[in-house]
Amino acid sequence: MDANVETKEKGTKRKVHRSPNYPSMGLKDALEKARLVYDAEKRSFGSPEVLRADMGYTAGTGPAGRALSALKQYGLLDEKDGQYRISDSAFALLELSHGSEEYRTALKEAALGPAIFRELVGHYAGNLPSDTNLRDYLLR
């Protein structure tokens, strides 16, 4: 999927290709979107259209679909019969004390939710190198 990314030169944009295995947003932003869904729906199941609206997106837009996909990749949503709700992990991250063991476990699970992140941590045995080194590895 392609996205426009603003470069250092003001107003210029360049195309960036992201792997479908790479979430469109970081975990912090995904949790902010999950908070919006949780505040509106609590733990009730809802259609993708409802969740997209809860996150402030117009139904059917590319960014809305990418946001929903990111929440699924991080394990922040449970799915049943095409309906989604906030997962147990998301609930722990949104409501529990940051010092609790359950919170820390949920955070680790969410951070390693996307397959590409698990692959990198496994490849480097948990000792991630510099961003430059990671970039070279991913481009190869």
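1. Let me start with helix α1, where L27, A30, L31, K33, A34, V37 and Y38 are buried, buried meaning under 20% relative accessible area, exposed over 50% and partly exposed in between, with a 1.4 Å probe and protein chains only. These residues cover an arc of only 160 degrees around the axis, so they lie on the same side of α1; the arc is that of the directions from the helix axis to the C-beta atoms. Please keep in mind that this is a predicted model, in which local features need pLDDT of at least 70 and side-chain atom pairs count only at pLDDT 80 or more, while totals for chains, interfaces and linings use all residues. Residues are numbered from 1 along each chain as its sequence is written, and side-chain values use heavy atoms, leaving out hydrogens and water.

2. The buried residues of α1 pack against α2, α3, β4, α4 and α5, where contact means heavy atoms within 4.5 Å. Helices (H or I, at least four residues) and strands (E, at least two) are DSSP runs, numbered from the N terminus. With 15 residues, α1 reaches 20 Å from its first C-alpha to its last, close to the 21 Å expected at 1.5 Å a residue; the expected span is 1.5 Å times one less than the number of residues.

3. Just after α1 comes K42, with a positive phi of about 55 degrees. The charged end of K42 sits over the ring of Y38, 5.4 Å from its centre. The criterion here is NZ of Lys or CZ of Arg within 6 Å of the ring centre and within 35 degrees of the ring normal.

4. Helix α3 has 12 residues and reaches 16 Å between its first and last C-alpha, close to the 16 Å expected. A64, A67, L68, A70, L71 and Q73 are buried in α3, and the buried residues of this helix pack against α1 (27–41), α2 (48–54) and β3. G75 follows α3 and has a positive phi, near 75 degrees.

5. Now for the core. The largest nonpolar core has 25 residues, and L71, L76, L77, I86 and L93 have the most contacts inside it. Such a core is a set of buried Ala, Val, Leu, Ile, Met, Phe, Trp, Tyr and Cys residues joined through side-chain atoms within 4.5 Å. At least two residues of this core come from each of α1, α3, β4 (83–86), α4 and α5 (101–111), and α1 gives the largest share, 6 residues. Leaving aside residues up to four places away in sequence, I86 touches A34, V37, Y38, K42, R43, L76, L77, D78 and F91.

6. On the aromatic side, there are 3 aromatic pairs, counted for rings of Phe, Tyr and Trp (its six-membered ring) with centres within 6.5 Å; planes under 30 degrees apart count as stacked, over 60 as edge-to-face and the rest as tilted. One of them is the tilted pair of Y74 and F117, at 6.4 Å centre to centre and 45 degrees between the planes. Y74 lies in the loop between α3 and β3 and F117 in helix α6, so the pair ties together parts 43 residues apart in sequence. Y74 counts as buried, at 3% relative accessibility.

7. Y124 and Y137 have ring centres 5.7 Å apart and planes at 70 degrees, so their pair is edge-to-face. Y124 is buried at 17% relative accessibility, whereas Y137 is partly exposed at 23%.
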